[in-house]
Amino acid sequence: MPREQRAHPYMPNSVPALKQRLMAELGIDSVDELFEQIPQEHRLGRALDLPPALSSEAELGRHMRDLLAKNRSCEENLNFLGGGCWQHHVPAICDEIVQRSEFLTPVWGTPSSDLGRNQAWFEFTSQLGELLDLDLVALPVYSWGCAAGHAIRMAARLTGRNKVLLPRFMDPERRAVIINYCEPPEMDSHIEIVDIDADAATGQLDLDDLDAKLGEDVATVYFENPSYLGQIESHVAEISAAARKHGAETIVGVDPISLGVLSPPGSYGADIVVGSLQPLGIHMYCGGGLGGFIASRDDPRYAYEYPTLLISIAETTHGEHSFGLALMHQCSYGSREEGKDWTGNSTYLWAIGSAVYMSIMGPQGFREVGELILQRAHYAAGLLQAIDGINIEQASGFFKEFVVNFDGTGKSVATINKALLQRGIFGGLDLTRSFPQLGNSALYCVTELHTQHDLHFLAETLQEICAG
Amino acid sequence: MMTKPKLRRYHAPVWDEPLVMEMSVSGRRGCHFPEAEVDVRHAVGGARDLVPAAMRRRTEPNLPEMSEPDVLRHYLHLSQQTLGMMGISLFGTCTMKYNPRLTEGLTARPQIADLHPQQDPDTLQGALEIIYNFDQLLRELSGMDQFVFQPAGGADAAYTMACITRAFHAARGELAQRNQIITSIQAHPCNPATAAAAGFEIVTLMLEDGGFPSVDALRAAVSDRTAALMINNPDDMGLYNPDIRQWVDIVHEAGGLCFYDHANFNGVMSKIRARELGFDACMFMLHKTFGVAKGGGGPAVGAFGCTSELAVHLPGPIVEKDGDRYVLADDSPSSIGRVREYLGNVQQVVKAYAWTRAMGAEGIAEASDISVLLNNYMEKEILKIRGVTRSHPDIEGWRIEMTRYSLGQLYEDTGVTVLDVQNRMVDFGVDAFWLSHEPWIVPQPFTPEAGEMWSVEDCDYWIAVLKQISDEAYSDPAIVTSAPHNQPVHKLGPKSLDEPDRWAMTWRAYRRKRSSRK
């Protein structure tokens, strides 16, 4: 058979004789007849102009590997970037489970034929609920930013108010997502965003500024713990009490990997809690590992505002445990534009990866990883603080990230990071454009993956660069 | 039928697998972390003292304590109790197709898996080159001028359109006035839902005799309040609206934008392009049409493409080529910012790029041909089955890559519902078909989509199973209404999950509610 008539490996019916038989079954001479509904003048009328097909897996694999070889990964280099996507240890069995064909490839089945998948989802929500100390956890959304956006809109509907207080120092990526969710001023349902200052000495929320900006028109106070700049917020009870006094909801964004050592948000007055799944056993994938969660107390008032899918334990006709979707009528599948915001494909495979992660970690794993991160991050801050020209304003009280100021070195973060890169180090996230008020600063992230040796290598290299 | 399928003696694995929370044994460990180095401990002291007293966790999270092999085996058991693509799944509109394992392996490599999105672009050249080149391929498939991959699903791409529509009209000072988005009842619910979440009023056009809303209905709907039209074509009944160009002209004349939801692209790829039909923007789902695994509902990508006129509003960062380097451009001043953080689900873009290269122009054209050929072949056989009819029986002719059927006749004759049939099909290793979006416009609807992946044998088997169940419905309907019989558990009981004391979205909520009921 001529090569151009070979059946394509992905298409079992691309055998020419088979296609002929299918056409014979329909009594047609050409497949083109089947497209009779499409007017000729709508047709492209020419073949697509694409590069030649690489239908050989050997050839395609080579092409792809050549492209991927142009990337330099955080495995081959020493990485201190975080900010909204973090390099943590991913247990091997997390990768094994999310690559299982049964979980990797399906869309929807019936409650019985999806039993295993649904149970894994329920184990995700159940275990995350334990970490957060909350009873209601939804199936995930796209990202932390999207979760925060939905939560703010939930609070606006709950209170009938249209103002949100946000911390001044927030991930610009996340804030840009939230701005869209809050709608422009021309829209009737616009939510006004007002910033709360940070206390200059501690990096925590400025409670006086919060008090000044809270009022009967505020739907919600949103803050993060740890904050974007890494600080652990300790006035959590005061913040949520102040919000409650004014009839506002408290939304807290958390990093779930911190919750083996930090207080769970359910214990300190958070009404709605959001955050990222990515630290829970998902690789960074250049930002493709993100997923967002939304949780709250199991109070119908909150439950009725969720835009997400909600998986509930359920009983079969024979009294067995199974799982089903609760409150489907309030999501966009059930009610189109009358539903709460919208839902659709999300990051459900990562819910399974995170379920595996939480199962393997257990309470002791979360405690150990949290303690290790705290100790190594503070050790790193101490090493860097000792370098001439470097200043760390808040040298304690953080979890895994801290701000390093290079004003005294006379060098820009960009220059320093280029020099670090030449030595195999991805320096901290450059904050100079997003937060000029912090001077020439970078956000450094230290995790359980950084050994003492790595941290000394960073410090020695920075010393050399800053002195040079 | 072209083949004579024999019904398989399928039975799903039954593990009676407990919840992981029920498997805990105090003291078991699934993973260890090292203790901080001696010098580290000496320098910073104990971890507890590094946390402000008010913020120290006082009670351990009540997570399971499990050993590593037991966690692995638990989730393997759960995976085995998930039918999906292990059997035959023709879930309409989702375009079930092969997900090449080559790219699963490639994207698991550190050169994708362990990249941080804010690395120096010099260290992301491979990823940026793939994104840039895939944009070029989609431009050829659509005629659009620029694509971005940040939207994390088809609905997120629809939301992107709604945000860009706001920016477009705001730039002209008309946003407060142009606050309506028009769609049809046959458009995916994400179109009206995202537009409403973006702050727009929704105008929904109903279907008329031809199977789609009339040109006159559209004319009556547009005005100086029209911001945009969001529409799919063909729809998921397999009907193509031949007036679509006129639709676009009418909306443009009224000052609105036109968004082509290409959810149903598989049947028409290589045949038509959004640009030639006049659209300003379109969306492709990489997890459907472009061979990326669905993951049970993401991570996904709604690739959003638009004309150069709208491109100034696209969410950043935009990948550009500067000489032989790939760079991330600053956001344009009129960019909508972000609909999701960073560049999107980059690993899925890598997979879609590889799928498109594996198929080539001829492969893509052939996949479209086969998906339409197979749908019409299936239709011919399915309509022979007792109790099954086709939507809009008055509209003759071939459908595109899907056909909407009804089991209304079967239900009237036997009392067996479409959900009963779905539950019975899984007994033969055939996972659920898709029904229809809400609201149902035909009774007891179902919508299979063959695509290009399933063999004739698979499709014949699917048809044979449906035939078997129709026979059962007419001879012994209890077999169908009490199904499934070959699955790990029976169907859900009648108790609603919408009752606050009944629903339990976590195990801790379930235990609390169960004990309060006793």
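Me: Why are α5(B) and α11(B) called oblique to each other?

Reply: In this predicted model, helix α5 (residues 125-142) of chain B and helix α11 (residues 346-382) of chain B pack at an angle of about 55 degrees. Angles under 35 degrees count as roughly parallel and 65 to 115 as roughly perpendicular, with the rest, apart from those over 145, as oblique. The two helices α5(B) and α11(B) are therefore oblique to each other. Their axes are 9 Å apart, and the crossing is left-handed.

Me: Which residues make the contact between α5(B) and α11(B)?

Reply: From α5(B) come Ala127(B), Ile130(B), Ile131(B), Asn133(B), Phe134(B) and Leu137(B). From α11(B) come Val346(B), Val349(B), Val350(B), Ala352(B), Tyr353(B) and Thr356(B). They divide into 10 nonpolar, 2 polar and no charged residues.

Me: What makes α6(B) and α7(B) oblique?

Reply: Helix α6 (residues 154-171) of chain B packs on helix α7 (residues 190-197) of chain B at an angle of about 45 degrees, with the axes 8 Å apart. The roughly parallel class takes angles under 35 degrees and the roughly perpendicular class starts at 65. Hence the pair α6(B) and α7(B) is oblique, therefore the name. The crossing of α6(B) over α7(B) is right-handed.

Me: What is the make-up of the contact of α6(B) with α7(B)?

Reply: The contact has 7 nonpolar, 3 polar and no charged residues. On α6(B) the residues are Gly154(B), Ala155(B), Ala158(B), Tyr159(B) and Ala162(B). On α7(B) they are Cys190(B), Asn191(B), Thr194(B), Ala195(B) and Ala197(B).

Me: How do you know that β11(A) and β14(A) pair, and in which sense?

Reply: Strand pairing needs at least two bridges. β11(A) and strand β14 (residues 441-445) of chain A have 5 bridges, in the antiparallel sense. One of the bridge partners in β14(A) is Leu443(A), which faces Val403(A) as its partner.

Me: What makes β11 and β13 of chain A edge strands?

Reply: The open sheet has 3 strands in the order β11-β14-β13 (chain A), with antiparallel pairing. β11 (401-405) and β13 (429-430) of chain A each pair on one side only, and are the edge strands.

Me: How many residues of chain A and chain B are in contact?

Reply: On chain A there are 179 residues in contact with 182 residues of chain B. Helix α12 (residues 348-385) of chain A gives the most to the chain A side, with 23 residues. That side of chain A divides into 83 nonpolar, 61 polar and 35 charged residues.

Terms used:
Residues are numbered from 1 along each chain as its sequence is written. Chains are lettered from A and ligands numbered from 1 in the order in which they are written. This is a predicted model: local features need pLDDT of at least 70, side-chain atom pairs count only at pLDDT 80 or more; totals for chains, interfaces and linings use all residues. Two residues are in contact if their C-beta atoms, placed from the backbone, lie within 7 Å. Helices (H or I, at least four residues) and strands (E, at least two) are DSSP runs, numbered from the N terminus. Ala, Val, Leu, Ile, Met, Phe, Trp, Tyr, Cys and Pro count as nonpolar, Asp, Glu, Lys and Arg as charged, and the others, Gly among them, as polar. Axes are lines fitted to C-alpha atoms, for helices over the stretch in contact, and angles run from 0 to 180 degrees between N-to-C directions. A crossing is left-handed if the near helix is turned anticlockwise from the far one by less than a right angle, and right-handed if clockwise.
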